[in-house]
Amino acid sequence: MPELPDVEVYREAIEQRVAGRELVRVRLRSPFLLRSVRPPLSEAEGRTVVAVRRVGKRVVFALEGELFLAIHLMIAGRFRWAGPSAKAPGRVGLAAFDFGYGTLLLTEAGSKRRAAMHLVAGEEGLASLDRGGLEVLECGPEAFRARLVAENHTLKRALIDPRLFSGIGNAYSDEILHRARLSPTRWTTRLKDEQIDGLHQAAVAVLAEWTVRLREQAGGRFPAKVTAFHQEMAVHGRYREPCPRCGAPVQRIVYAENECNYCARCQTGGRLLADRALSRLLKSDWPRTVEELEERLAAGGEARLQYIVSGQSS
């Protein structure tokens with residue numbers, strides 16, 4: 001799922017191309033995309049784009065007359081920039097937004113249609129789409145601390161909760177926690193003040209650095225490779241690869257459609273976090289430390305352990 005750095009670079013690229021221009025027409029290809037009824041979508045056509053905003057993980061077109069067209073890409077939604085009146089691609093095309101001299105295409109890979117678009121009137125209507133999460137790049141350490149400890153959650157869950165923090169998802173939460181050297185399963189209310197300050201500094205640094213990195217990678221062109229996995233990331237999507245800080249193999253916990261990536265040596269004192277399903281299956285065979293895991297794999301024993309931790313069962 002595109003997160004704050006990805007969405008911000010999208011926002012910048014779109015604003016450069018459409019701010020001050022008329023949204024001539026919206027060609028909707030998927031009836032499941034539009035999630036609002038009033039105002040009707042036709043009301044957006046013929047209006048000038050005043051600005052392009054980011055609200056959480058949404059890209060929002062601010063149109064004249066205080067109408068707001070908000071798009072959430074969810075997991076597989078992506079934008080493309082094409083020539084005038086470009087045709088939306090066959091199976092993945094959701095909508096096309098015509099601006100006369102160019103067209104913004106909205107696509108979504110896969111069979112599930114999760115991307116969402118709302119047309120709302122007024123700032124109050126736009127506020128109704130905002131989950132209320134704190135903008136980490138705009139808040140100070142005190143506001144960050146107050147929001148973090150307002151509810152008792154694991155750090156991983158707290159960072160990706162849009163009611164608590166805005167724009168952070170699975171990928172950048174892994175990177176933030178690795179930078180801060182904190183376990184993803186650590187409880188928010190059990191952190192020391194210096195750990196919270198370190199987490200805030202890590203969150204600001206990671207989000208800011210990746211926004212700059214992705215902007216530079218685009219090089220003024222429209223972003224073409226928006227993905228949750230980047231080779232330059234420290235731990236996210238790098239299971240079994242060496243941690244860039246200590247060299248230990250990156251570990252992961254897989255749950256539902258998400259995964260949590262971490263370095264046991266840097267973040268959990270060498271302790272492997274128990275995957276609920278796998279640890280229940282392996283029972284006493286579940287390795288407790290990264291060293292024990294490496295010893296078992298190097299020895300070639302415990303065939304079912306090697307089969308599972310190699311990722312084949314996930």
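Gly20, which follows helix H1, has a positive phi, near 85°. The model is a predicted one, in which local features need pLDDT of at least 70, side-chain atom pairs count only at pLDDT 80 or more, and totals for chains, interfaces and linings use all residues. Residues are numbered from 1 along each chain as its sequence is written, and side-chain values use heavy atoms, with hydrogens and water left out.

Helix H1 itself covers residues 4–18; helices (H or I, at least four residues) and strands (E, at least two) are DSSP runs, numbered from the N terminus. From its first C-alpha to its last, the 15 residues of H1 reach 20 Å, close to the expected 21 Å, where the expected span is 1.5 Å times one less than the number of residues.

| Helix pair | Angle | Axis separation |
|---|---|---|
| H5 (residues 170–180) and H6 (residues 193–218) | about 130° | 8 Å |
| H3 (residues 141–148) and H6 | about 110° | 10 Å |

Axes are lines fitted to C-alpha atoms, for helices over the stretch in contact, and angles run from 0 to 180 degrees between N-to-C directions. Angles under 35 degrees count as roughly parallel, over 145 as roughly antiparallel, 65 to 115 as roughly perpendicular and the rest as oblique. H5 and H6 are therefore oblique to each other. Their contact (heavy atoms within 4.5 Å) draws on residues including Tyr172, Ile176 and Leu177 of H5 and Leu199, Val206 and Trp210 of H6. It comprises 12 nonpolar residues, one polar and three charged. Here Ala, Val, Leu, Ile, Met, Phe, Trp, Tyr, Cys and Pro count as nonpolar, Asp, Glu, Lys and Arg as charged, and the others, Gly among them, as polar.

H3 and H6, by their angle, are therefore roughly perpendicular. Pro141, Phe144, Arg145 and Leu148 of H3 meet Asp193, Ile196, Asp197, Leu199 and His200 of H6. This contact has five nonpolar, one polar and three charged residues.

Thr227 is located in the loop between H6 and strand E10 (251–255). Its relative accessibility is 30%, so Thr227 counts as partly exposed. Apart from neighbours within four places in sequence, Thr227 is in contact with Asp6 and Arg78. The C-alpha atoms of Thr227 and Ala76 are separated by 9.0 Å, although these residues are 151 residues apart along the chain.

Notes. Buried means under 20% relative accessible area, exposed over 50%, partly exposed in between (1.4 Å probe, protein chains only).
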